[in-house]
Amino acid sequence: MIQALAPRMPRGFSWVCLAIVAIAWAPSMTRAQTPDKPPGTDKPATDPAKAAEKSDKDKAKDEPIEERPTTEVFTDPNAKKTLTIFSPMNYAGPAIKVGNPPDDRSRVQSMATGIVNTDPEFLKRYVEYFATELTRRDYLNALLNPPANAKPTDPAARGLERAVDALTKPILDARATNKSEFLTAYTRILFESSLPKILENNYLSRIDAMIVLGMAGGTSSQALDVYVKELKKPDQVIWVKLWAARGLS
């Protein structure tokens with residue numbers, strides 16, 4: 001890139017090459033032309049580290065305060081009141097197996113990749129189960145009001161993350177394998193589930209719910225209504241609006 005942009009001399013000799021040669025010869029020419037100093041006239045060498053430190057201090061002292069970069073923090077006025085909302089939902093359907101094989105998440109993954117046929121009724125129960133997980137009080141308190149001895153590996157602290165992963169992974173798997181039939185059915189179920197209701201719940205719950213709905217990116221009238229409705233709400237938190245905008249895009 002340097003050679004391409006540098007002005008060139010005749011016969012293909014570049015200014016860059018000339019500069020390199022000049023720099024390489026400069027020390028030897030300087031030593032040859034500099035006379036020897038009488039003994040005892042050399043001063044002790046300055047410590048480079050101390051000199052650099054002093055130079056930095058001088059620069060900091062001379063730098064005008066008003067020109068130093070400042071940090072701006074945006075506070076969402078709607079966020080504070082939503083942090084106090086706790087409305088846990090109850091899952092009343094057949095049990096969903098999570099953690100111990102056979103895990104129902106792997107069953108949904110097989111549907112998303114076309115290994116097994118799509119089962120809409122099972123998908124409805126699956127989505128409802130993990131939607132209610134997003135509203136669990138213990139999961140929310142583990143993040144909002146963690147105990148003094150809390151660890152990041154505590155199951156409750158990872159509860160919301162597990163629920164979001166369980167709901168979004170089928171979307172990613174279906175897109176990666178071009179399973180449009182599954183994706184259409186799954187997206188419809190997401191918007192017909194309790195996820196849109198969670199957009200009025202706790203601050204963290206509503207953000208996670210809209211992350212799922214935003215990643216789905218449905219083009220049905222029902223999906224578009226959800227996105228537009230949340231964007232128009234004056235009291236909706238900014239992160240929900242951002243994911244609603246992503247869903248529209």
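Where pLDDT is low, the predicted coordinates should not be read in detail.

Ground rules, then. This is a predicted model: local features need pLDDT of at least 70, side-chain atom pairs count only at pLDDT 80 or more, and totals for chains, interfaces and linings use all residues. Residues are numbered from 1 along each chain as its sequence is written, and side-chain values use heavy atoms, with hydrogens and water left out.

Now the whole chain. Average pLDDT is 81, and 72% of the residues score at least 70. The protein chain has twelve helices and zero strands. Helices (H or I, at least four residues) and strands (E, at least two) are DSSP runs, numbered from the N terminus. Of the 249 residues, 32% count as buried. Buried means under 20% relative accessible area, exposed over 50%, partly exposed in between, with a 1.4 Å probe and protein chains only. Take contacts between residues at least 6 apart in sequence: 63% of them join residues at least 24 apart.

Next, the core. What is the size of the largest nonpolar core, in residues? It has 48. By nonpolar core I mean a set of buried Ala, Val, Leu, Ile, Met, Phe, Trp, Tyr and Cys residues joined through side-chain atoms within 4.5 Å. Those with the most contacts inside it are Tyr126, Leu134, Tyr186, Leu190, Leu195 and Met210. Helices that each supply at least two residues include α5 (104-112), α6 (120-133), α7 (137-144) and α11 (221-232). Helix α10 gives the most, with ten residues.

Look at Leu134. Beyond four places in sequence, its partners include Leu140, Leu160, Val164, Leu195 and Asp208.

So which helices pack on α10? Two pairs to show.

Pair one is α10 (residues 203-216) with α12 (residues 238-248). They pack at about 5°, axes 8 Å apart. Axes are lines fitted to C-alpha atoms, for helices over the stretch in contact, and angles run from 0 to 180 degrees between N-to-C directions. That makes α10 roughly parallel to α12; the label covers angles under 35 degrees. On the α10 side, Tyr203, Ile207 and Met210 are among the contact residues. From α12, they include Trp239, Val240 and Trp243. By class, this contact has nine nonpolar, two polar and two charged residues. Ala, Val, Leu, Ile, Met, Phe, Trp, Tyr, Cys and Pro count as nonpolar, Asp, Glu, Lys and Arg as charged, and the others, Gly among them, as polar.

Pair two is α8 with α10. Their axes come within 10 Å and cross at roughly 5°. These two are therefore roughly parallel as well. Leu160, Val164 and Leu167 are among the α8 residues here, and Leu204, Asp208 and Ile211 among those of α10.

Phe191 lies in helix α9. Is Phe191 buried or exposed? Buried, because its relative accessibility is 4%. Phe191 and Val226 are 35 residues apart in sequence, yet 8.3 Å apart C-alpha to C-alpha. Phe191 also touches Pro196, Leu213 and Tyr227, among others.

Then Asn178, in the loop between α8 and α9. Asn178 is not a glycine, but has a positive phi of about 55°. Most residues other than glycine have a negative phi. At 67% relative accessibility, Asn178 counts as exposed.

How values were computed: pLDDT is the predictor's confidence in each residue, from 0 to 100. Angles under 35 degrees count as roughly parallel, over 145 as roughly antiparallel, 65 to 115 as roughly perpendicular and the rest as oblique. Contact means heavy atoms within 4.5 Å.
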